[in-house]
Amino acid sequence: MKQWRTLQRMWSGEDPARVGAGSQPGTVHASTATKPLPQDALIVIPLRNAVLFPSALSPVTIGRPTSVAAAQEAVKRELRAGFLLQRDPEKTDVGPSDLYWVGTAGPIVRYITGQGGAHHLVVQGESRFRILEFLEGWPFLVARVAMVETPEASWAEVEARFLQLKELAVEAIGLLPHVPDELTSVVRGIESAPVLADIVANLLDAKSEDKQQILETFDIVRRLDRVIGLLSARLQVLRLSKEIGEKTRAQLDERQREHVLREQLRQIQKELGEGEDEAAEIAELKKAIEASGMPEEVQKHAERDLKRLQRAGEGGAEYSMLRAYLEWLTELPWKRERQHAIDLAEARRVLDEDHFGLDKIKRRILEYLAVRKLNPEGKSPILCFVGPPGVGKTSLGQSIARATGRAFQRVALGGVHDEAEIRGHRRTYIGALPGNIIQAMRRAGTTHTVLMLDEIDKTGAGGFHGDPASALLEVLDPEQNYRFRDNYLAVDFDLSRVMFICTANVLDTIPGPLRDRMEIIQLPGYTEEEKIQIARRYLMKRQFEANGLSPDQASLTDEALAAIVRDYTREAGVRNLEREIGSALRHVAMRIAEGQAQRVMVDAPDLAPILGPRRFENEVALRASVPGVATGLAWTPVGGDILFVEASKVPGSGRLILTGQLGDVMKESAQAALTLAKTWTGDSLENTDIHVHVPAGATPKDGPSAGVAMFLALVSLLMGKPVRSDVAMTGEISLRGLVLPIGGVKEKTLAALRAGIRTVMLPRRNEKDLDDVPAEAREKIRFVLLDRVEDAVACAIEEPEAVASA
């Protein structure tokens with residue numbers, strides 16, 4: 001306590017803050033107030049916006065004549081004065097009703113008369129008091145009071161709060177600027193809870209009303225709680241202020257350091273003569289802007305940023321960003337180049353040289369070239385090649401670029417889930433770049449380009465990063481892409497002369513608006529003969545080069561190629577076929593490298609030791625000719641396939657049991673087929689359960705084309721007659737017995753051909769789709785067109801004399 005009073009007396013020599021009242025300075029002589037005071041009375045001095053606490057040494061400024069007279073009288077008589085907070089700090093003439101009736105009493109230890117009529121006091125608070133009544137007859141306020149003493153308490157609740165308050169006070173002192181180091185030691189040395197509460201409350205930067213509430217709290221536990229609450233709130237502000245101050249100071253220090261270093265660097269460069277390099281770079285960029293052929297609006301934008309680059313200087317924060325941006329602008333193909341002369345005959349030769357078959361696609365490319373030859377300013381088509389993996393969609397795009405004399409660029413869209421991958425990032429981001437479209441244009445160096453958007457059906461779903469499929473709507477719309485705006489460039493770029501080609505495996509995952517902007521061209525797959533020709537013309541050549549062989553050292557017979565296609569691959573494309581050819585040629589390369597032979601010819605019987613046993617067999621040949629089994633045709637994303645529908649009956653209650661992971665559509669087809677089979681055979685099956693199974697059970701299956709196969713399997717079961725093993729079928733049925741049309745005719749037909757099927761039953765309304773079936777398949781397969789289910793029964797179970805065929 002002695003240390004605390006010593007420190008307070010040290011502060012009393014400072015200029016006190018003007019916390020009292022006074023706009024009317026004056027002096028009332030002590031001779032006017034010689035009347036003695038009662039024993040329990042105090043001279044009262046009102047304070048405008050300050051609350052004094054016991055045990056605290058506080059500066060006070062007064063100016064009202066009554067307050068000055070009261071202070072002078074107290075000093076003259078060496079009496080303690082009472083200090084009360086007034087309710088309205090703006091009020092000058094105050095009476096008893098204008099004051100709080102609880103205050104602090106204490107002697108005035110120093111009295112200083114200042115300039116301008118202000119009087120400064122240093123008051124030592126000693127004890128609380130409560131007003132009993134105000135007395136009259138003095139030129140200042142006098143009141144009878146009752147002193148309120150707070151006894152020392154040491155029970156657990158007080159001790160806990162006392163320790164918590166001390167720790168908070170020490171922390172607060174540490175956060176305050178310009179605080180004497182001795183203050184922390186003084187606070188730690190206080191052993192009285194009432195004294196600590198009053199001292200902390202006196203030092204708190206809080207509203208006068210809140211301090212008055214603490215002064216009026218006589219219960220020590222409640223008083224400690226109030227002080228802790230106010231101090232905790234103040235601590236939060238102090239912590240935040242310190243954090244903000246440290247951040248601001250760090251930023252200012254960093255900026256100042258950066259400025260000094262920049263200035264030093266500039267001087268060093270000037271001494272070394274390196275400042276000329278920056279000027280040369282600016283001049284080079286300016287020359288590139290003028291030579292790039294930008295539109296007028298874009299050129300103005302670039303010149304404005306070039307001026308910003310000059311002002312920033314090489315050490316500026318924006319320098320590298322602006323320079324990279326201007327380099328992107330100058331390296332894009334802005335000029336409209338003159339189109340090369342179009343030679344349709346040469347284009348046809350290139351397409352035939354690179355790809356076997358694909359007549360429909362080749363015809364469409366030649367049509368585009370013919371239109372462009374007649375109308376050079378026409379808009380480029382936006383094609384979308386849809387087909388299974390390995391059918392040559394990407395390589396076809398390269399051939400189109402070669403046939404049309406254009407540059408070729410490919411943008412992979414598989415797994416792209418961020419709109420910025422298409423439209424680019426805004427330059428506000430660190431490391432921002434243009435989107436893949438603009439990057440491809442920069443790599444190509446010309447807008448006379450074939451730009452392939454590969455795997456457009458595998459773009460990620462839209463999320464908080466945006467929807468890349470929606471961003472592609474602008475790119476693939478000829479009415480909009482002449483003013484394509486990349487977020488990084490922030491200027492329009494003309495994509496109307498670019499020929500866009502998209503690839504996809506399926507159409508279902510492409511959003512409708514995006515699919516509507518493209519011309520869809522299907523690539524369903526290759527026949528066995530087409531695969532052999534592709535292998536002979538293209539795949540063998542690539543694998544010879546990959547394995548270091550020449551045609552003089554190795555060869556594969558046509559029978560070997562046919563055996564690889566038939567027994568070791570089962571696909572719509574030719575990727576696995578190329579792998580198996582590579583395996584065979586690697587075996588040949590090893591024999592030649594070891595010196596075992598100079599030339600090796602691989603025939604069909606040699607494949608088993610090289611490639612292993614046959615991986616695929618003829619499913620139809622394996623199928624037992626028993627009633628209740630029918631061969632259906634299915635479409636998959638990787639081409640067509642065949643599937644078997646098996647039906648069996650056991651004693652039961654007329655239930656239909658379905659297995660094989662069938663989807664909802666196929667389940668409904670099975671129910672319709674059973675109802676139609678009951679009607680057709682006249683058997684109610686009340687005491688029989690029917691079980692329909694579609695292998696393989698681990699593969700999910702669904703689709704609207706299995707009705708005919710399920711119906712024939714059930715009819716075959718009920719009639720006790722097997723379905724012909726060389727017949728496959730596809731089509732949906734109605735309860736009236738009609739055969740309804742389906743899709744994927746070409747893919748299903750090629751699957752039947754690969755499986756050794758010789759008769760395929762189709763709905764009659766799909767007759768028009770036979771034009772898309774390759775001629776080889778039409779020659780080897782007999783097509784039977786169905787109007788009703790009776791036609792299917794007649795062809796597959798009974799004699800087919802009266803059934804129409806195509």
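Q: Which strands does helix α6 lie across?
A: In this predicted model, α6 (residues 208-215) lies across β3, β4 and β7. Its direction is at about 75° to β4.

Q: And what do the strands close into?
A: A barrel of five strands, in the order β1-β3-β4-β7-β8, with mixed pairing. From one strand to the next the twist averages 50°.

Q: Where does helix α2 touch the sheet?
A: Helix α2, residues 65-77, packs on the sheet and touches β1 (41-47) and β3. The direction of α2 makes about 140° with that of β1.

Q: How many bridges are there between β3 and β4, and in which sense do they pair?
A: Three bridges, antiparallel, between β3 (residues 81-85) and β4 (residues 102-106). Ala 81 stands opposite Gly 106 in β4.

Q: What about β1 and β8?
A: β1 pairs with β8 (residues 141-148) over four bridges, in the antiparallel sense. Ala 41 has Arg 144 in β8 as its bridge partner.

Q: How many bridges join β7 to β8?
A: Seven, and the two strands run antiparallel.

Q: Switching to helices. At what angle do α3 and α4 cross?
A: Roughly 175°, with the axes of α3 (residues 156-175) and α4 (residues 182-189) coming within 10 Å. Angles over 145 degrees count as roughly antiparallel, so α3 and α4 are roughly antiparallel to each other.

Q: Which residues meet there?
A: From α3, Lys 166, Glu 167, Ala 169, Val 170 and Ile 173. On the α4 side they meet Leu 183, Thr 184, Val 187 and Arg 188. By class, the contact has five nonpolar, one polar and three charged residues.

Q: What span should α24 have, and what do its ends give?
A: At 1.5 Å a residue, the 13 residues of α24 (residues 707-719) should span 18 Å. The end C-alpha atoms are 18 Å apart, so the two values agree.

Q: What comes just after α24?
A: Gly 720, which takes a positive phi of about 75°.

Note on methods
Residues are numbered from 1 along each chain as its sequence is written. This is a predicted model: local features need pLDDT of at least 70, side-chain atom pairs count only at pLDDT 80 or more; totals for chains, interfaces and linings use all residues. Side-chain values use heavy atoms; hydrogens and water are left out. Axes are lines fitted to C-alpha atoms, for helices over the stretch in contact, and angles run from 0 to 180 degrees between N-to-C directions. Angles under 35 degrees count as roughly parallel, over 145 as roughly antiparallel, 65 to 115 as roughly perpendicular and the rest as oblique. Contact means heavy atoms within 4.5 Å. Ala, Val, Leu, Ile, Met, Phe, Trp, Tyr, Cys and Pro count as nonpolar, Asp, Glu, Lys and Arg as charged, and the others, Gly among them, as polar. Two strands pair if DSSP finds at least two bridges between them. The expected span of a helix is 1.5 Å times one less than its number of residues.
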